[in-house]
Structures are given as structure tokens and as C-alpha cells.
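Biologist: Please put the model on the screen. I will ask about its parts one at a time.

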Amino acid sequence: MHGAPLLEADNLTKRYGKVLALDGVSFTVGEGITGLLGPNGAGKSTAIKLFLGLLKPTRGVALAMDAMPWRDVNARSLIGYMPEHDCLPTSINASEFLTHMAQVSGLPPGRARTRASDTMRHVGLDEARYRRIGEYSTGMKQRVKLAQAIVHDPRLVLLDEPTAGLDPGGREEMLDLVKRTGRDFGISVVLSSHLMGEVERTCDTIIVLEAGRVTLSGSVSEFTENTDVLSVDIDGRHEELISALAGRGIAAAREGNSVLVEHEDGRHLESIQEALIEAGAPLRRMAYRRRLLTEIFRDNGQTND
């Protein structure tokens, strides 16, 4: 983590009557893209609302940029928020809406219009800027929600289930957009999701909430370290390669366009290269498989999604 934390939870607890939504959690969020992962009801949305200042903690502290957001308006201005549920006005166009949101956040009119235009271009709505939001598809509305969250150029944006309601292609596009938001605009991101695959492919860091408690936290790469399974990706001649490897005493199996060699610790690399030549198999890529987050959850007896 570089510099001071952007968000910090210290023994953070939130009760709704008899329901304990967060149970004394402590964690920090730094720069980059952080995944807040957990099943529905784990406390993810409650945590986001506490950092936005929309809720007051029952006990403990939620800090945003070293301030308590429930009582410090300035801290809130440094954060953007994309809610899970649809809350967009339907009778105005995206250009008007985003310009208005930028002005509400404190930008002067000229700067607000420029920023709205840049943001619409970033989320791929430039050509639809003058259409009424009510005419937009679900995917376009999700892009407007992301745009309004970043139009005032916050330091950090909180995204609550940003792929909700999208088909697989739409989810992929949204996740790519989230990554580009961090890269192109330099805005750090907290991505709340119950889908492990989304966090694994998008985030640098992960915080796992389960029944209001943190059960896992750290860098995604730390949890998905290399395994001893070597994946040899080739264009055709898979059976020929498997046969050539077997002739050298190396067991292998096909998986899609890959041939997998298990328990490979570098001793057989030269033999594998010879087998590729013998089989006439065009090599695209050869790399050790990384452990998947799903395996970590299985090892810990956790079942998210």
C-alpha cells in the first residue's frame, strides 16, 4: 500500500435493531482497485454506506481520508458512489444529468460541462449523450451510474455490484471499464461484488466479508500464487504433443487449447521443448498456472457464489 490509507475501519460495528450487519471489523483500503467480496447479507453495502457517511457506526470508527465522513462533508466530496439499484432520472439526457452532478459536487459550470463530456467519452456514451436516460438499455444505465460517480474527479470511487443486471458480455465490458477508470483517470476503486471471478480478474487487493466479519484480506497475487502445473498453450496437435511427452516419461492431459503438465518444477522444461518440436505443435504461451480464489475458498471451507 502506498501512502496513508484512503479508507480505514477500526473495530467497525453496525447494528440495525437486533441485526448485526458488521461485527467489529478492522481493515484498510489503499490506492488501486480493492475488491470487497462476500455473499448477499455479508455487510458489504453497510460498510460502503458507513464510509460514505450515510450511516453512523454503532461502535468503532470508519475513516475516509483520515476524516469521519458521517460528520465531515469535505471527506465525502473526495469519494464517488455507484449504487447497486437504479436511481437515475429518466426524463433528461445524460449530458444534462452529468453536468448537473458535477456542479452539485462543486465544479463551476464550464468545468462541469467539460468534465461531463470527458466522462461520457470514457464510459462509451458519447454518441448517446443527448438521448433521454429513460431510453437507455440496462448496460447504458450502468455506464451512466459509473459516470456520475467519477464526474467530479474523486480520489476514490465505491462501486456497489456494478455488473448487476448485465449479461456476460456486458459484465466483461463493465469490468474493463472499471480497470480503465483506475488507469486513465487515476481514481482508486472499491469494487463490491458477490462474484469471485469479477474480483479475481479486476482487483489488486481483496477483503472478504462473511456474516459481518472479515475472513480474508490481502493482495490477490498473494492468494493466487503460481502452482506447479505448467500450462502449454498450443494451436492444434494436442494429442501429438501428449504422446511426445509420454515418450519422455512426462504425463500430461489436455484442457481446452492447453496441455497441462502437473508437478513440473523446471526439471522437464528442455524435454517439453523437444516434445513441442517433435509434435510440430505451434506454441502460443507456456506458463505456470496460478491458484484460483475459488480454490482458496474451498480450502477454507467458504462458499461464496
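Modeller: Buried means under 20% relative accessible area, exposed means over 50%, and partly exposed lies in between, using a 1.4 Å probe and protein chains only. This is a predicted model, in which local features need pLDDT of at least 70, side-chain atom pairs count only at pLDDT 80 or more, and totals for chains, interfaces and linings use all residues. Residues are numbered from 1 along each chain as its sequence is written, and side-chain values use heavy atoms, with hydrogens and water left out.

Biologist: What percentage of the residues of the chain count as buried?

Modeller: The C-alpha trace spans about 70 × 45 × 35 Å along its principal axes. The chain has 305 residues, and the buried share of them is 47%.

Biologist: How many helices and strands does the chain have?

Modeller: Helices (H or I, at least four residues) and strands (E, at least two) are DSSP runs, numbered from the N terminus. On that basis the count for the chain is eleven helices and 13 strands.

Biologist: In what order do the six strands of the open sheet with mixed pairing stand?

Modeller: Two strands pair if DSSP finds at least two bridges between them. The six strands stand in the order S5-S6-S7-S3-S8-S9.

Biologist: At about what angle to S5 does helix H5 run?

Modeller: Axes are lines fitted to C-alpha atoms, for helices over the stretch in contact, and angles run from 0 to 180 degrees between N-to-C directions. Helix H5 (residues 138–150) lies across S5 and S6, and its angle to S5 is about 165 degrees.

Biologist: Are H4 and H5 parallel or oblique to each other?

Modeller: Two packed helices are described by the angle between their axes and the distance between the axes. For H4 (residues 109–123) and H5, the axes come within 9 Å and cross at roughly 140 degrees. Angles under 35 degrees count as roughly parallel, over 145 as roughly antiparallel, 65 to 115 as roughly perpendicular and the rest as oblique. H4 and H5 are therefore oblique.

Biologist: How many nonpolar, polar and charged residues does the contact of H4 with H5 have?

Modeller: Contact means heavy atoms within 4.5 Å. Arg115, Thr119, His122 and Val123 of H4 meet Arg143, Leu146, Ala147 and Ile150 of H5. Ala, Val, Leu, Ile, Met, Phe, Trp, Tyr, Cys and Pro count as nonpolar, Asp, Glu, Lys and Arg as charged, and the others, Gly among them, as polar. By class, the contact has four nonpolar, two polar and two charged residues.

Biologist: Is His122 buried or exposed?

Modeller: His122 is in helix H4. Leaving aside residues up to four places away in sequence, His122 touches Ile150, Leu177, Arg180, Thr181, Asp184 and Phe185. With a relative accessible area of 9%, His122 is buried.

Biologist: In what order do the strands of the three-stranded sheet stand?

Modeller: The edge strands here are S2 (19–29) and S4 (59–64), each pairing on one side only. Seven bridges join S1 (residues 7–16) to S2. The sheet is open and its pairing antiparallel, in the order S2-S1-S4.

Biologist: Which residue of the hairpin of S11 and S12 takes a positive phi?

Modeller: S11 (residues 253–255) and S12 (residues 258–261) run antiparallel and are joined by three bridges. In S12, Leu260 is the bridge partner of Ala253. The hairpin has two residues between the strands, and the positive phi, near 65 degrees, belongs to Gly256.

Biologist: Is Met65 buried or exposed?

Modeller: Met65 is found in the loop between S4 and helix H2 (73–76). Its phi is near 50 degrees, a positive value in a residue other than glycine. At 15% relative accessibility, Met65 counts as buried.

Biologist: Is Asp66 buried or exposed?

Modeller: Asp66 is in the loop between S4 and H2. Asp66 has a positive phi of about 65 degrees, although it is not a glycine. With a relative accessible area of 59%, Asp66 is exposed.
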